[in-house]
Amino acid sequence: MRKIEHIGIAVKDLKSANEVYEKLMGQPPYKMESVESEGVNTSFFMSGPNKIELLEATNPESPIAKFIEKRGEGIHHIAFDVADIVSEIARLKAEGFVVLNEQPKKGADNKLVVFLHPKNTLGVLVELCQEILE
């Protein structure tokens, strides 16, 4: 793992959350996008070299909707940048981590992503991200 790629924050209302983070960060999000496969709308803010991703559910069955229903708004996951997501999956599985999606899938911000089960990572949902090379 090369660095923390971003911190994901689950929010009930992306428009309101964007207003809060625009004031906090002193700038608007640099990117907003929908990820249909995950049932979310996202926005990204930069803070120096670091990113914050706000996630709003687009339907009541999405993982973000279920997270907010159970725990409320707040930090949802920490994402790590990796050079080779397939070899990282194999390495982590060999170390005993449970990978929630066996195959990388397209996520927000031009990334391939997989998630590790929080029961193996001390209660923190971990996302691995690899830049999609065009």
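Here is a short chat about how some labels in this predicted model come about.

User: What should I know about the model before we start?
Analyst: It's a predicted model, where local features need pLDDT of at least 70 and side-chain atom pairs count only at pLDDT 80 or more, while totals for chains, interfaces and linings use all residues. Residues are numbered from 1 along each chain as its sequence is written, and side-chain values use heavy atoms, with hydrogens and water left out.

User: Why is strand β3 called largely enclosed?
Analyst: Buried means under 20% relative accessible area, exposed means over 50%, and partly exposed is in between (1.4 Å probe, protein chains only). Six of the eight residues of β3, which covers residues 40-47, are buried, so the rest of the structure largely encloses this strand. The strand itself is a DSSP run (E, at least two residues; helices are H or I, at least four), numbered from the N terminus.

User: What makes β2 and β3 a pair?
Analyst: Two strands pair if DSSP finds at least two bridges between them. β2 (residues 31-35) and β3 have five bridges, in the antiparallel sense. Lys31 has Phe44 as its bridge partner, and Glu33 stands opposite Thr42. In the hairpin of these strands, four residues lie between them, and Gly39 has a positive phi near 65 degrees.

User: How do you know that β3 pairs with β4?
Analyst: Eight bridges join β3 to β4 (residues 50-57), and the two run antiparallel.

User: Why are the buried residues of α3 said to line one face?
Analyst: In helix α3 (residues 85-94), the buried residues are Ile85, Glu88, Ile89 and Leu92. They fall within an arc of 105 degrees seen down the axis, so they line one face of the helix. The arc is that of the directions from the helix axis to the C-beta atoms. These residues pack against β7 (111-116) and β8 (125-131), where contact means heavy atoms within 4.5 Å. Val86 and Ala94, on the other side of α3, are exposed.

User: What makes the ring pair of Tyr21 and Phe45 tilted?
Analyst: A search of the whole structure finds two aromatic pairs. Rings of Phe, Tyr and Trp (its six-membered ring) pair if their centres lie within 6.5 Å; planes under 30 degrees apart are stacked, over 60 edge-to-face, and the rest tilted. Tyr21 and Phe45 have centres 6.0 Å apart and planes at 45 degrees, so this pair is tilted. Tyr21 sits in helix α1 (residues 14-25) and Phe45 in β3, so the pair ties together parts that are 24 residues apart in sequence.

User: Are those two residues buried or exposed?
Analyst: Tyr21 is buried, with a relative accessible area of 19%, and Phe45 counts as buried at 0%.

User: And what about the pair of Tyr30 and Phe44?
Analyst: That one is tilted too, at 6.0 Å centre to centre and 40 degrees between the planes. Tyr30 lies in the loop between α1 and β2, and Phe44 in β3, so the pair links parts 14 residues apart in sequence. Tyr30 counts as partly exposed at 38% relative accessibility, whereas Phe44 is buried at 1%.
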